[in-house]
Amino acid sequence: MRTAVSRLELLQPRSLQHALRMLRDEGPLTPLAGATDLYVAVNFGTLDSTRFLNLWGLEPLRRITLCGDTLRIGALATYTSLIRSRLVRQRLPILARAALEVGGVQIQNRGTLGGNVANASPAGDTLPVLAVAEAVVVLRSVDRERRVPFAEFYTGYRQTVRRPDELIVGLEIPPVEGRQWFRKVGTRAAQAISKVVIAAVRGSSPRIALGSVAPTVIRLSQVEHALGAGAGMDEAVHRLDQDIQPIDDLRSTADYRRDVAGNLLQRFWAETGGLSS
Amino acid sequence: MRFTLNAREVELNVAPLARLLDVLREDCGLTGTKEGCGEGECGACTVLVDGEAVCACLVPVAQVEGAEVVTIEGLGDDHPLQRAFMDEVGAQCGICTPGMILTAITLGPRPSLAKIRRGLAGNLCRCTGYEAIYRAIHRAS
């Protein structure tokens, strides 16, 4: 541990409302849930925050329920609970699939869906799934709740529309029609952060989202339009090249990411193209 | 703060954001839990919190308030998995072994090889090549 922990402060709310009051009245505070990413930075002394809000005990935020036709997933649902949830496996199996490829079991037991969304990494494994599911991020502050379409939640690299007095309390996922598809390409199936991650749905109009190829997770709107209008794969891959802006970093190179993204797109289209889809 | 550690109640006065790993080793004197990477990649510091495997390097101690924590010391010296790891020589340097055994406990009875491999994906061993570890877990279950 390279941070002097005695200088760090942890506020311990008794309820969601209490947590929201603390955010409003005693901020700025950094919300802390499963801590699987945030705590790495604390351990290595690379985080500026010194005041944290402990969300881990807020049990009502762990629920996964069906409300009418909408799947509601509490922000504190862990990857393990997503994997085990019959509702998730029935309605959005690619979310369970993505959760299975996060870290190892130890990380899946602590990491949360709300944390993955709030953390705003372009490599977040569940984010392309939420993008193609057209999820809604539910944000709450002391005096109001607002629902932000996933496509509008990220404003730039590690930037979101969440205000400092708001918490992500859950995700709402409408029914998804069509065949769902997910692939993560990394150095190793477990533990590795993705080089490229893709989620896609082959419905009446295709939906495709990629992670690790731009400052935020992105929907490939040009590719979707082209494929929906009957364009061939050469045209689709050409448009993909215009939609993404991959970079060289410690995990991969821009060139490799372009190649892999194109291959994944072709494989999605080939594997979901049968009559059974 | 209070929690149950290896079936005993403990009460400690520690910084709430101290790592569970450091509290176990330095405040409780239980050095069976090892530190490997300190960033949740290697699983050497795996302990059980309310029956689930977690990396003790990524758990602020405040988050185990009221929970049941089990470390390798909590198994005593003659757990079937400990014996099987010795019989199959499932350890060489031994740093990963406490975490391997605690993760293996959560796999349930008679896990398939595929389940063992997936279950232990978050526990790295740089000596054994894993085969002896898998045999030990298979033998003990």
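Which residue follows H2 of chain B, with a positive phi? That residue is B:Val89, and its phi is near 55°. I will come back to that helix. Please keep in mind that this is a predicted model.

I start with the two chains in outline. Chain A has 277 residues, with 11 helices and 14 strands. Along the principal axes, its C-alpha trace spans about 60 × 45 × 30 Å. The radius of gyration of chain A is 19 Å, which agrees with the value near 19 Å that a compact globule of 277 residues would have. Of those residues, 49% are buried. If you take contacts in chain A with a separation of 6 or more, 60% of them are between residues 24 or more positions apart.

Chain B has 141 residues. It holds 5 helices and 5 strands, and from the N terminus the order is β-β-α-β-β-β-α-α-α-α. Its C-alpha atoms fill a box of roughly 40 × 25 × 25 Å along the principal axes. A compact globule with 141 residues would have a radius of gyration near 14 Å, and the 15 Å of chain B agrees with that. Buried residues make up 46% of chain B. For contacts in chain B between residues at least 6 apart, 59% join residues at least 24 apart.

Next, the domains of chain A. The assignment gives domain 1 as 5-54, domain 2 as 60-173 and domain 3 as 179-271. The C-alpha centres of domain 2 and domain 3 of chain A lie 21 Å apart. Their contact takes 20 residues from domain 2 and 25 residues from domain 3. On the domain 2 side, helix H5 (93-100), helix H8 (127-132) and strand S8 (154-156) of chain A each supply at least two residues. Helix H8 of chain A gives the most, with 5 residues. By class, that side of domain 2 has 13 nonpolar, 4 polar and 3 charged residues.

Now the core. The largest nonpolar core has 128 residues. Those with the most contacts inside it are A:Val129, A:Val137, A:Leu171, A:Leu210 and B:Ala56. Take A:Val129 as the example. Setting aside neighbours within four places in sequence, A:Val129 is in contact with A:Leu92, A:Ile94, A:Leu95, A:Ala98, A:Phe182 and A:Ala199.

On to the contact between the chains. Here 26 residues of chain B are in contact with 24 residues of chain A. Strand S4 of chain B, residues 52-55, provides the largest share of the chain B side, 4 residues. That side of chain B has 13 nonpolar, 8 polar and 5 charged residues.

What covers the buried residues of H3 of chain B? The cover includes helix H6 (105-110) of chain A. From chain B it includes strand S3 (46-49), S4, H2, helix H4 (113-119) and H5. H3 of chain B is mostly covered, with 9 of its 9 residues buried. Among them are B:Met100, B:Ile101 and B:Leu102.

Back to H2 of chain B, residues 80-87. Its buried residues are B:Leu81, B:Gln82, B:Ala84 and B:Phe85. They cover an arc of only 165° around the axis, so they sit on the same side of H2 of chain B. What covers them includes helix H3 (97-105) and helix H5 (131-140) of chain B.

Last, some backbone details for anyone looking at the loops. In chain A, the peptide bond from A:Gly27 to A:Pro28 is cis, with omega near 0°. A:Pro28 lies in the loop between helix H1 (16-26) and strand S2 (30-32) of chain A.

In chain B, B:Ala7 has a positive phi of about 70° although it is not a glycine. B:Ala7 is in the loop between strand S1 (2-5) and strand S2 (8-11) of chain B. Is B:Ala7 buried or exposed? B:Ala7 has 9 other C-beta atoms within 10 Å, and is therefore exposed, since exposed here means 12 or fewer.

B:Arg110 also has a positive phi, near 45°, and is a residue other than glycine. B:Arg110 is found in the loop between H3 and H4 of chain B. With 8 other C-beta atoms within 10 Å, B:Arg110 is exposed.

That is the tour; I will take questions.

How values were computed:
Residues are numbered from 1 along each chain as its sequence is written. Chains are lettered from A and ligands numbered from 1 in the order in which they are written. This is a predicted model: local features need pLDDT of at least 70, side-chain atom pairs count only at pLDDT 80 or more; totals for chains, interfaces and linings use all residues. Two residues are in contact if their C-beta atoms, placed from the backbone, lie within 7 Å. Ala, Val, Leu, Ile, Met, Phe, Trp, Tyr, Cys and Pro count as nonpolar, Asp, Glu, Lys and Arg as charged, and the others, Gly among them, as polar. Domain bounds come from an automatic or database domain assignment. A residue is buried if 20 or more other C-beta atoms lie within 10 Å of its own, exposed if 12 or fewer, and partly exposed in between; C-beta atoms are placed from the backbone. The arc is that of the directions from the helix axis to the C-beta atoms. The radius of gyration is taken over C-alpha atoms; the globule rule is 2.2 Å times the number of residues to the power 0.38. A nonpolar core is a set of buried Ala, Val, Leu, Ile, Met, Phe, Trp, Tyr and Cys residues joined through C-beta atoms within 7 Å.
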